[in-house]
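Please study the sequence and the structure shown below before reading on.

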Amino acid sequence: MWTDGACKGNPGVGGWGVLLRSGVHERELFGGEQETTNNRMELTAVIQGLGALTRRSSVDLRIDSTYVMKGVQSWTAGWKRNGWRTAAKAPVKNEDLWRALDAAVAGHEVRWTWVKGHAGDPGNERADALANLGVDQVRAAGPVQGRSRGE
């Protein structure tokens, strides 16, 4: 699975994209929001991708967001211990999405791999194109709650 988020302005119109691949089967997901941030779209892409799986799965997730990677691997456990507060006792930004991601991850065995964005990884490039398609569709028609293509 490859995921990506995009935002035109930050905050601004945003989109998210997911490429799911299992053997020869591929599925593409995308959507977007009118007024959002890049970080929210990066989180939403992973949540939507994991949520599209119909059963517990072993997932090799490739992502170019260090924000999401650090959050999952370093910050979430402490936030949960602190009642979804930071070490400085401030509310966690994007708490709603971090909670949703925490729940989505719990349903699968996820191996996280960071990939450099815009560096030629075909899956990342496709996820980026899907995220931008989400932006384009929001600009044309309003919020897109999720579209799917493929098997």
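## A proline at the surface

P122 is an exposed residue, with a relative accessible area of 63%. A residue counts as exposed when its relative accessible area is over 50%, and P122 is therefore placed in that class by its value of 63%. The model in which this value was computed is a predicted one.

P122 belongs to helix α4, which covers residues 122-141. In the sequence, P122 and L20 stand 102 residues apart, yet in space their C-alpha atoms are 12 Å apart.

## The chain as a whole

The chain contains four helices and six strands. Read from the N terminus, these elements follow one another in the order β-β-β-α-β-α-α-β-α-β. The chain has 151 residues, and its radius of gyration is 15 Å, close to the 15 Å given by the globule rule, so the chain is as compact as a globular protein of that length.

The C-alpha trace spans about 40 × 35 × 30 Å along the principal axes of the chain. Of the 151 residues, 45% are buried. Among the contacts with a separation of 6 or more, 66% are between residues 24 or more positions apart.

## Helices α1 and α3

Two packed helices are described by the angle between their axes and the distance between the axes. Helix α1 spans residues 38-51 and helix α3 spans residues 95-106; they pack at an angle of about 30°, and their axes are 9 Å apart. Angles under 35 degrees count as roughly parallel, and α1 and α3 are therefore roughly parallel to each other. Their crossing is left-handed.

Which residues of the two helices meet? From α1 come R40, L43, T44, V46, I47 and L50, and from α3 come D96, L97, W98, A100, L101, A104 and V105. By class, the residues of this contact comprise 10 nonpolar, one polar and two charged.

R40 is in helix α1, and it is in contact with N94, D96 and L97 when its neighbours within four places in sequence are left aside. R40 and N94 are separated by 54 residues in sequence, while their C-alpha atoms are 6.9 Å apart in space.

## Helices α2 and α3

Helix α2 covers residues 66-81, and its axis comes within 11 Å of the axis of α3, with a crossing at roughly 95°. Angles from 65 to 115 degrees count as roughly perpendicular, and α2 and α3 are therefore roughly perpendicular to each other. On the α2 side the contact is made by Y67, V68, G71, V72, T76, W79 and K80, and on the α3 side by W98, L101 and D102. The residues of this contact divide into six nonpolar, two polar and two charged.

Not counting residues up to four places away in sequence, M69 touches I63, S74, W112, T113 and W114. M69 and W114 are 45 residues apart in sequence, and the distance between their C-alpha atoms is 7.4 Å.

The peptide bond from N10 to P11 is cis, with omega near 15°.

Terms used. Residues numbered from 1 in each chain as written. Predicted model: local features only at pLDDT ≥ 70, side-chain atom pairs only at ≥ 80, totals over all residues. Heavy atoms only, no water. Axes fitted to C-alpha atoms, helices over the stretch in contact; angles between N-to-C directions. Parallel < 35°, antiparallel > 145°, perpendicular 65-115°, else oblique. Left-handed = near helix turned anticlockwise from the far one by under 90°. Contact = heavy atoms within 4.5 Å. Nonpolar A, V, L, I, M, F, W, Y, C, P; charged D, E, K, R; others polar. Rg over C-alpha atoms; globule rule 2.2 N^0.38 Å. Buried < 20%, exposed > 50% of the residue type's maximum accessible area, 1.4 Å probe, protein only.
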